[in-house]
Amino acid sequence: MTRTQTDMHTPTWNTRALRRQALLTQAENALGAHLKGKCVDAAAIATLLEVVLQPGDRVCLEGNNQKQADFLAKALVGLNPEKVHDLHMVQSVLALPEHLDVFENGIASRLDFSFSGPQGARLAKLASAGQIQIGAIHTYLELFARYFVDLTPHVALVAAQAADAAGNLYTGPNTEDTPAIVEATAFSGGIVIAQVNELVDGATTTLPRIDIPADWVTFVVPAPTPHFIEPLFTRDPAQISEVQVLMAMMAIKGIYAGYGVQRLNHGIGFDTAAIELLLPTYAESLGLKGQIGQHWALNPHPAMIPAIEAGWVKSIHSFGSELGMENYIRARSDVFFTGPDGSLRSNRAMCQAAGHYACDLFIGSTLQMDLDGNSSTATLGRIAGFGGAPNMGADARGRRHASPAWLKAGAEARAGKTGAAGTPRGQKLVVQMVETFREHMQPAFVERLDAWSLQEQTGMALPPIMVYGDDVSHVLTEEGIANLLLCRTDEEREQAIRGVAGYTAVGLARDRRMVENLRDRGVIRRPQDLGIDPRDATRNLLAARSMRDLVRASGGLYQPPRRFRNW
């Protein structure tokens with residue numbers, strides 16, 4: 001018997017749109033007078049969330065490096081777990097206690113994320129106890145990509161500086177993750193709820209610019225207090241040590257100058273802040289102005305002010321902003337990416353792409369490194385996550401444009417090789433800059449990463465390695481630089497790493513004869529091999545030695561947050 005056309009099942013192709021419309025109708029009925037257009041009274045936020053959130057939904061709660069949808073996070077924690085439960089949280093950063101409270105309270109059960117610095121210890125405890133199922137620890141760009149493939153949010157909870165009555169959003173300088181989150185959600189039948197610091201009437205006051213159009217936004221909630229912003233990339237020059245000055249001198253002379261690095265990204269920390277503050281002094285004395293460090297994928301680090309003022313920097317594209325830098329950025333629009341209103345337009349997804357493909361060098365730090373050069377910030381008792389480091393600190397094999405630094409690194413890595421291994425191509429410079437001992441005298445170099453034990457404890461498919469060793473080109477410590485591009489065997493790589501690991505157990509187990517041979521070949525270079533006298537590595541070389549010096553260098557435009565002021 002053959003089926004007639006009327007007997008055949010006709011598929012429904014608009015289930016997401018139908019679901020969304022049903023939820024909007026329910027929300028409108030539940031909110032009543034608390035809903036005016038798209039604007040929801042803050043007092044009714046729990047009612048809204050309990051309507052639009054269904055058990056098992058994927059939810060993106062905007063938690064960035066800096067900007068937090070904190071009002072919405074608190075509201076989520078306070079929901080009734082009998083109504084809302086088993087949510088799958090997909091978000092960049094776990095920064096607030098509420099980001100983990102949702103798991104302890106039974107609201108959420110599964111997590112995909114990128115970074116959890118402030119909550120790293122608590123996350124490790126909950127994961128080990130089975131209270132959180134971790135899907136994966138992503139790089140930022142990887143997580144954004146999955147928003148558009150298999151981790152598309154059903155509901156997005158985001159933060160913005162201001163909105164108008166129509167629902168247009170102005171994100172201000174801290175745009176960050178918002179465009180990626182909202183677009184993925186809005187164009188897949190999802191619901192977007194934005195907490196805003198200010199609601200403008202559109203008649204007497206308008207938005208400085210529109211960062212997210214109204215038809216991408218479902219609801220707007222004026223929050224009782226401004227959303228939280230963390231000055232994450234501010235480093236007080238007064239806390240930079242002379243060891244860090246020495247390492248910065250080696251980075252500039254041994255790597256930046258050696259490869260002519262013009263396009264680069266710095267990780268967060270005092271090590272890289274020291275490099276930034278040595279550009280207009282030590283690097284200037286080497287005649288490197290115009291030869292290195294002109295184009296950056298970088299948050300507006302206050303430590304960059306002296307280099308900008310001295311004419312070293314042509315452009316900076318930023319992942320996010322930095323508190324207190326607003327007026328300085330507005331006054332230096334030739335350097336930063338600003339809108340007609342004068343404020344910064346940061347974009348984490350675009351800047352991550354720039355850092356991966358357009359930069360020749362990434363330099364960052366880690367908590368542990370093994371003898372293969374693998375490194376991780378996920379250690380026993382603390383799962384800090386990776387942020388953008390795996391994306392920045394990876395050779396972009398899809399890259400096809402050339403630059404001198406990229407070509408030189410590629411030539412070093414392929415010297416003497418034949419066949420496919422010797423096919424000409426460039427390679428990104430990926431530098432791990434670490435002191436041999438970190439806080440509490442924990443060695444940075446280990447025989448085995450804690451990541452392997454964490455894999456066993458949490459049931460992850462892979463050990464949480466941040467930067468893979470085969471992507472690392474240089475290891476830089478106070479002992480010197482190990483150029484892994486010049487190593488020809490796994491044994492040479494191991495001994496090169498041991499050779500700069502100092503008095504750690506890893507360093508003390510070096511083959512001294514082999515290490516000296518590597519030094520003779522220039523694989524390992526000590527400060528004296530670079531013509532650097534460690535006695536010259538003093539804080540006097542820093543272009544600014546205090547926060548007040550940074551303010552002076554900016555002409556008073558930089559206004560550091562109160563906690564960084566001591567005058």
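On a 1 Å grid over the protein atoms alone, a cavity is a set of points where a 1.4 Å probe fits but can't get out, while a pocket is an open set with protein on both sides within 12 Å along at least five of seven lines; lining residues have an atom within 4 Å of a point. Points join across faces, edges and corners, and volume is the space filled by probe spheres set on them. The model is predicted, so local features need pLDDT of at least 70 and side-chain atom pairs 80 or more, while totals for chains, interfaces and linings use all residues. Residues are numbered from 1 along each chain as its sequence is written, and side-chain values use heavy atoms, leaving out hydrogens and water.

By this rule there is one cavity of 30 Å³ or more. The largest cavity holds about 60 Å³, and its lining includes Phe233, Arg235, Glu276 and His301. The largest pocket comes to about 1300 Å³. Its lining has 45 residues, with Arg235, Gly267, Ile268, Gly269 and Ser365 nearest the centre.

Leu23, Leu24, Ala27 and Leu31 of H1 are buried (under 20% relative accessible area, 1.4 Å probe, protein chains only). Seen down the axis, these buried residues fall within an arc of 105° (directions from the axis to the C-beta atoms), so they line one face of H1.

Definitions and conventions. Buried means under 20% relative accessible area, exposed over 50%, partly exposed in between (1.4 Å probe, protein chains only). Helices (H or I, at least four residues) and strands (E, at least two) are DSSP runs, numbered from the N terminus.
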